Amino acid sequence: DPAANRALGQRLAAERGWTGEQWACLDALWGRYESGWRSTADNPTSAAFGIPQANPGSNMGAGWQHDAERQIRWGLGYVAGRYGTPCRALAFRLDRGWY
């Protein structure tokens, strides 16, 4: 359920201190530009899958196909490790068309 996934994502992002503007950026990134918060989102032109569009989906670890929380936690770690913040990730996505 995308609405439940979004609510979970908001809670988990807040645990990292990503509220306010940072939450808005993450919500736009995954909600508007990537998966629409759907854990079954599949990019037909790549191996990207899930809420954060991990490429390949198996990067998210065992059980990722049916575990929205695993997908969100992995995605938050990816955003933090690669971009530092959701707003930097969103800016990159808007500039390049991918993140």
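## Starting with E69

Let's begin at E69, which is partly exposed at 31% relative accessibility. Here buried means under 20% relative accessible area, exposed means over 50%, and partly exposed is in between (1.4 Å probe, protein chains only). This is a predicted model, in which local features need pLDDT of at least 70, side-chain atom pairs count only at pLDDT 80 or more, and totals for chains, interfaces and linings use all residues. Residues are numbered from 1 along each chain as its sequence is written, and side-chain values use heavy atoms, with hydrogens and water left out.

The side chain of E69 meets that of R73 in a salt bridge (2.9 Å, N to O). By salt bridge we mean a side-chain nitrogen of Lys or Arg within 4 Å of a carboxyl oxygen of Asp or Glu. R73 and E69 are 4 residues apart in helix α3 (residues 68-82), about one helical turn. R73 is partly exposed too, at 41% relative accessibility. Helices (H or I, at least four residues) are DSSP runs, numbered from the N terminus.

## A pair in helix α1

The structure holds 5 salt bridges. Another one of them joins the side chains of E15 and R11 (3.1 Å, N to O). Both residues lie in helix α1 (residues 2-15), 4 residues apart, or about one turn of the helix. R11 is partly exposed, with a relative accessible area of 45%.

## A link between two helices

Now look at R93 and E34, whose side chains form a salt bridge (2.7 Å, N to O). R93 lies in helix α4 (residues 86-96) and E34 in helix α2 (residues 20-34), so this pair ties together parts 59 residues apart in sequence. R93 is buried, with a relative accessible area of 16%, whereas E34 is partly exposed at 21%.
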